[in-house]
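Visitor: Please walk me through a helix pair and a strand in this model.

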Amino acid sequence: MKILGSKISQKHRRWIWGYLFIIPVLLLFSVFRIYPLIRSFSLGFYQWNILSPIKPFVGLQNYRALSEDALFVQALKNTVIYTVIVIFVGTVIALFLALLLNRKFKLKETFKLVYFLPVITPMVAVAIVWEWLYQPQFGLFNGILKYLGLPTQQWLLSKDQALMSVIIFSIWKGVGYNMVIFLAGLQGIPDIYYEAARIDGANSFQRFKGITLPLLMPTTLFVIIMSTISALQVFTQVYVMTEGGPINATMVTVLYIYKVGFDFLRFGYASAIATVLFISILAITILQFKFLGRRAEVTY
Amino acid sequence: MFKKNQTRRIGIFIWVVAAMMIIGCPSFAGEEITLRVWTTHVLHLAREKTKAVDAVFNKFEAGDPDVKILVTQVPYAEMQKKLLTAFAAGVAPDIFVIPDEWLALFIGNNIVEPVPVEDEKEFFESGAWPEIRLCLEREGRLQGYPWEISVYGLHYNKDMFKEAGLNPEKPPKSWDEFRDYAKKLTKRDESGETTRVGYAIRHVGHPAGVVGKWISFLWTSGTYLVENPYTPGGKKATFNTPGGIAAVQLYIDMIYKDKSTSLGFPDPRDAFVQELAAMQISENGAYFRWVTEAPDMKWGFGPIPKPSGGKNATVFSEWGYYVSRLSTSKIKEKAFKFLKLITNQENEPQMKVEFPGWIHARKSTMLEDPFYLARPELLESISTVLPYGHAYSHNTRLSEINETVGLYIARAWHGEMTAEEALIKAEAEVNKILAR
C-alpha cells in the first residue's frame, strides 16, 4: 500500500486499521467522559449560576468555603460511615454465602438466583418497596417486631436509625453481586491444595485461613475496591428513601452535590465538591492497591 | 476516471441521498404551531382521560386549527430543576405550571411573560377572587392565570372529635385549645405506644414543605421570615423573635410534654386519610384525597389556631399557568389565548372536574359546584378562612430560606437544639444567603 508515494509496512498498516476502529469510541469517550471531567474541574473556580449571564472567576473561594460548610462535613461523615459498614459487612456476608454455595447440595442454583435477584432488580423499585417495609405503622419489619413482642422502631423516620436503615438495604441489594465474584474466585482455587492440606491433617478453619483466604486475595481486592468506589458515590437509594433526611441524617456527598447544583443553582460550588470527591476516591483507591495489593500476590 | 460499475453505484448513492433530503424537508403547506406545556399534575390537561377537558381543548382547536398542544408531565420533585435547566439551554416549554413559591425565582431570572393588561382586567371583572393577586401579582401586573388555588386550614376528623367528647362543629381556635384538643384526641395501646396522634406534623420531606405546613403559626404570632416580605430583595431575616420562638416551641411542647404528636408518623395527609391522626394542617385541595381515598370519613375544615393576642393568618397559595418570556410573540399570543379560554368562567370548572373540592377562581362558580352544594358548611369555612390568607414571600431567595429554616426548626423538633438556638442559627444562615 502506498500513501503519498511512500510504502507503508504491513505492521504500520495494522496499526492504522486498529486506530481507525477505535477512533469512534475514543471520540465518544472524549466527548462524554473526558471533556465533562475537565469542564467540571474548571467550573469549580467560578461562581456559576446557569441562569445568570455573569459567571465571575472566584479562584479557590469555592474550595475554601467547603471547610466552613457544616452540611458538606456532615455529608462526608455520613458517606464514610456508610462506606465502611457496607464494605465490611457486605464483603463478609458475600464471602460467607459464596463459601456455602461452593459446595454441592440440592437447590444450590435456586439459592444462587435468590441471592442474585436483588442485584438485577431496579434500584428505585426496590427502594420504594423497602420504604414501605420500614413504614412504622404498617410496615412488615415493625409487624415482625410486634409479633415477637419487641419494641417497634421508627426506621427511616428516626434521625438515629435512618442511615443504618439505608445501609441494611444497600447490603441486601449488593451482596449477591459480590457473592458471584467470590464464587468465581473460589472455583479458581485448584483442589490439589486442599487435598494436600487434608493429607497433612489441616482442619477446615486451617484450610480456609491457609489456602482459601490467601489465594482469594486478588478477588477480595477487586471486590473491596469496586465496592468502595460504588459506596462513596451512593445516591439513588438515599434520594428515593429519605432525600437526605430526617434533618440531613442521611445526607451523602453525591446527594449534596445534586442539591447544591440543581436546588440552589450553584454549579461552581457543586463542581468543587465533585472534584474533592473525585480526588478522595482516587486517593483511597491508590492506597487500597498499595496496601492490599501486596497481599494479593500469593503463589504456592 | 470511474469504471462503469462505480459510476452506477455513485449514481444510486446520489439518488438515495436526494430522496432522503426530499422526505426530510419540512412541509410548506401551512405553519403549524406547537404549544408545549409542562405540568406536574397532568390530569387537569389530560384530554384523553377526561371528556370535559377534551371538550375545552376542542373549543380552542376549533378557533385555532393550526395550533397543537403538547402536554408533558414532570414529577414535582424534578419540575423546578428541569424547568430552570431547560430555560438555560433554550429548550423551555411555552407554558409551565408552577407553585407561587417559585415565582420570585423565575421572575428574578426574567423568565415569565406577564398576562396582557386587557386580559387581566377582563379576568378580574368576571368575578375572580381579588385574593388571587396576593400570589400571582408582581409590580402591579398579573404574572399568570391561577390553576390550583389553595388556602391552608386545620383539617379535623369529626367522628374522632365526637368520640373524644369534643364538639365536631367547633375546631380549636387558640393555641391552648389546640394543645388541649390534641391531647384528648391522642390514643395509645396497652403498651403505651401511640396508635393515633391528636395532630400530625410535617417534619420530613423537603424542608420547604416543613416550613409551608408550619408557617401559619409563625404568621399568627405576628412574625415574617424576612423584612419587606412582598418585595423581591429583602436583606434581613426577621423570624428570630419571641413570636417565632413560641411558634417553634408549640410543636416541641406537643411532641415531648403533651405527647399529642409524634415524629414517628408518616406525612400528615397520609396519617389523616389513614385515620392515624385526628387533625392536620394542609391545603384545602387535600379534600380530593379525603373524598377519593376515605369516602366514609366525616371531616371538617377550620382556621389555623392563633396564640392569645395573635391574629388569624393562613397560607394562601396558588399554582399558576405561566407563559415563557423566551417564546416567540406568535406563540405567546396563542398561549395567552389558550389560557384565557381554559380559565374563563365557563370552562374553568370543566378543567377541574377531576379535582373535587378545589377552589375555583370565582365564588359564583363555587356556588354552582355540586361538591360545595352538597357541603355548604365547607364553602362557609373556606369563605371564612380565605380573608386570612398570606402569600409566601416574594423574596428571590425564598427556596434557600425555606430550606434553611425548615432544617433548623426540624432539628429543634428532633430535640437537637432548643427553639431559641434553632432560630439564632437559622437567622445567621439566612442573613448570609440574603447577603450573597
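Some questions and answers on the two chains follow.

Guide: This is a predicted model, where local features need pLDDT of at least 70 and side-chain atom pairs count only at pLDDT 80 or more, while totals for chains, interfaces and linings use all residues. Residues are numbered from 1 along each chain as its sequence is written.

Visitor: How do α8(A) and α9(A) run, roughly parallel or roughly antiparallel?
Guide: Helix α8 (residues 191-199) of chain A and helix α9 (residues 204-215) of chain A have axes 10 Å apart. Their packing angle is about 165 degrees, on a scale from 0 to 180 degrees between N-to-C directions. Angles over 145 count as roughly antiparallel. The two helices are therefore roughly antiparallel.

Visitor: Which residues of α9(A) make the contact with α8(A)?
Guide: Contact means heavy atoms within 4.5 Å. From α8(A) come Tyr193(A), Tyr194(A), Ala197(A) and Arg198(A). From α9(A) come Arg207(A), Ile211(A), Thr212(A) and Leu215(A).

Visitor: How many residues of strand β9 of chain B are buried?
Guide: Buried means under 20% relative accessible area (1.4 Å probe, protein chains only). The strand spans residues 194-200 and is largely enclosed by the rest of the structure. The buried count is five of the seven residues.

Visitor: Which residue in β10(B) stands opposite Tyr199(B)?
Guide: Strands pair if DSSP finds at least two bridges between them. Three bridges join β9(B) to strand β10 (residues 277-283) of chain B, and these strands run parallel. Opposite Tyr199(B) stands Met279(B).

Visitor: What is the bridge partner of Lys187(B) in β9(B)?
Guide: Two bridges join strand β8 (residues 187-188) of chain B to β9(B), in antiparallel fashion. The partner of Lys187(B) is Arg196(B).

Definitions and conventions: Chains lettered and ligands numbered in written order. Heavy atoms only, no water. Helix = DSSP H or I, 4+ residues; strand = E, 2+ residues; numbered from the N terminus. Parallel < 35°, antiparallel > 145°, perpendicular 65-115°, else oblique. Buried < 20%, exposed > 50% of the residue type's maximum accessible area, 1.4 Å probe, protein only.
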